[in-house]
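I opened my notebook to see what I could look up here. Come along and check each entry against the picture.

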Amino acid sequence: MRTQVAIIGAGPSGLLLGQLLHKAGIDAVIVERQSGEYVLGRIRAGVLEQVTMDLLDEAGVGQRMHQEGLIHHGFDMLFKGERHRINLDHLTGGKKVMVYGQTEVTRDLMEARQAAGLTTVYEANNVSIHDFGTEKPRVRFEKDGQSHEIECDFIAGCDGFHGVCRASVPQSAIKEFEKVYPFGWLGVLSDTPPVHEELIYVNSPRGFALCSQRSQTRSRYYLQVPLTDKVEQWSDQAFWDELKLRLDPQARDQLVSGPSIEKSIAPLRSFVTEPMRFGRLFLAGDAAHIVPPTGAKGLNLAATDVKYLSTALIEYFQEKSPAGIDHYSERCLRRIWRAERFSWWFTSLMHHFPENGDIGQKLQEAELDYIIHSDAGSRSVAENYVGLPLNFGESA
Ligand code: RFL
Ligand code: PHB
């Protein structure tokens with residue numbers, strides 16, 4: 001098999017890249033280790049920035065998002081038992097975010113790919129990448145007991161944090177930065193109406209909580225839990241009881257509980273790989289970086305990597321210019337570090353750190369009090385939450 005770009009991984013990064021390249025007439029094959037059903041079963045992100053909405057439109061897959069997604073103009077921060085609204089609209093000059101699940105984004109991209117008759121190899125085993133330091137990179141995999149090889153011009157490593165692409169780069173060529181947090185998020189999805197029309201981020205001495213949603217009839221809630229907790233330890237009843245203890249009286253009264261349709265624990269991590277290009281291999285999305293989910297940045301960062309990568313590859317194939325691919329890593333990393341900083345800061349502000357004692361809790365509450373009463377403080381949170389513009393910090 002021969003293609004121009006071999007994409008490893010059919011998560012949102014790989015599928016979006018495939019779609020943008022297809023629009024520009026560039027041929028790509030996607031190789032994915034799981035089944036399509038499995039990929040759709042992973043419940044992850046829920047909040048899209050404007051940059052991501054625009055990219056989905058550019059890829060021609062934004063129609064259902066505009067019909068079914070929920071536009072949010074603000075969110076609440078709850079601390080010391082009281083809720084305070086961050087008005088994104090006023091603080092950012094009219095910017096907003098969209099609540100539309102990663103599952104739905106992935107489904108829309110998968111359907112568009114299928115409708116265009118493009119090749120995705122699902123359930124590929126033993127995927128390996130070769131010769132990306134030369135002009136003739138290759139991808140090998142097994143499917144139904146047969147060995148296959150793809151010859152290509154470039155490999156896009158869109159295979160997530162545990163993928164094979166980053167792991168194939170020689171240790172001497174890569175630097176990794178990592179912080180692992182001493183807690184995880186226990187998430188529950190349930191077919192119950194959300195407790196509030198907007199999201200509520202909760203700082204409580206019992207630990208962080210988040211009230212999110214997927215639609216007017218489907219809620220997504222998270223609780224900070226110790227890393228040692230197992231999901232089996234948490235009955236639905238125990239989850240709802242603990243969530244109520246972290247909410248304010250009004251939300252506690254309004255919370256509608258019900259059976260969970262998904263329940264899982266995710267560890268929290270800050271992680272960045274430098275650089276993101278190795279000869280003819282490019283890393284994009286979670287393959288290159290992870291943020292703790294508190295700032296809702298992971299999927300949005302993946303989308304901007306893909307924007308920069310597709311633009312660079314299109315420039316290369318259509319104009320024979322290597323400028324974009326030469327600057328790919330640097331352009332991405334600048335944006336990534338800004339999102340890493342915000343996600344780390346917001347995580348540190350909202351979670352309970354027992355090792356910091358009572359003074360830690362008091363200092364967090366004082367900072368939150370400052371933020372909601374200071375225009376500069378609120379604006380800084382809002383500006384980062386809606387996402388910094390693509391050209392932020394570049395000279396005019
Ligand atoms: P993915 O989604 O992990 O997809 C990678 C794909 O590669 C496949 N793969 C392989 N394929 C072939 N060969 C191999 N050897 C392979 N190894 C792996 C995998 O099966 C998979 O299909 O990475 P991608 O595409 O870069 O997308 C990144 C996003 O999934 C991630 O950043 C977000 O989900 C993060 N995130 C959030 N981001 C937001 O922007 N807003 C949010 O509100 C938000 N909430 C979240 C989140 C992530 C969470 N978890 C579970 C970590 C909430 C949570 C709880
Ligand atoms: C979600 O709905 O899954 C979600 C929303 C906001 C976040 C993280 C996760 O910050």
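I began with the strands around ligand 2: β15 (209–215) and β16 (218–226) each supply at least two residues of its shell. Strands here are DSSP runs of E, at least two residues long, and helices are runs of H or I, at least four residues long, both numbered from the N terminus. β15 gives the most to this shell, with 3 residues.

A note on the ground rules: this is a predicted model, where local features need pLDDT of at least 70 and side-chain atom pairs count only at pLDDT 80 or more, while totals for chains, interfaces and linings use all residues. Residues are numbered from 1 along each chain as its sequence is written, chains are lettered from A and ligands numbered from 1 in the order in which they are written, and side-chain values use heavy atoms, with hydrogens and water left out.

**Ligand 2**

Which residues come nearest to ligand 2? I found Tyr 201, Ser 212, Arg 214, Tyr 222 and Pro 293, out of 14 residues around the ligand. A residue is near if one of its heavy atoms lies within 4 Å of the molecule or strand. I sorted the shell into 8 nonpolar, 3 polar and 3 charged residues. In this sorting, Ala, Val, Leu, Ile, Met, Phe, Trp, Tyr, Cys and Pro are nonpolar, Asp, Glu, Lys and Arg are charged, and the others, Gly among them, are polar.

Next I looked up polar contacts (pairs of N or O atoms within 3.5 Å). A polar side-chain atom of Ser 212 lies 2.6 Å from an oxygen atom of ligand 2. For Pro 293, a backbone N or O atom lies 2.9 Å from a ligand 2 oxygen atom. The protein covers 96% of the 280 Å² of accessible area that ligand 2 has on its own (Shrake-Rupley method, 1.4 Å probe).

**The sheet**

I traced an open sheet of 8 strands with mixed pairing, in the order β6-β5-β14-β15-β16-β13-β17-β20. β6 (82–87) and β20 (289–290) stand at the edges with a single partner strand each, so one side of each has no neighbour in the sheet. Two strands pair if DSSP finds at least two bridges between them. Strand β13 (residues 175–190) pairs with β16 in the antiparallel sense over 8 bridges, and Ser 190 stands opposite Ser 219 in β16.

**Cysteines**

How many disulfides are there? I counted 0 disulfides, taking a disulfide as a pair of cysteine sulfur atoms within 2.5 Å. For Cys 158, the nearest cysteine sulfur, that of Cys 165, is 8.0 Å away.

Notes. A polar contact is a pair of N or O atoms within 3.5 Å; within protein, one must be able to donate a hydrogen and the other to accept it, and residues adjacent in sequence count only if both atoms are side-chain atoms.
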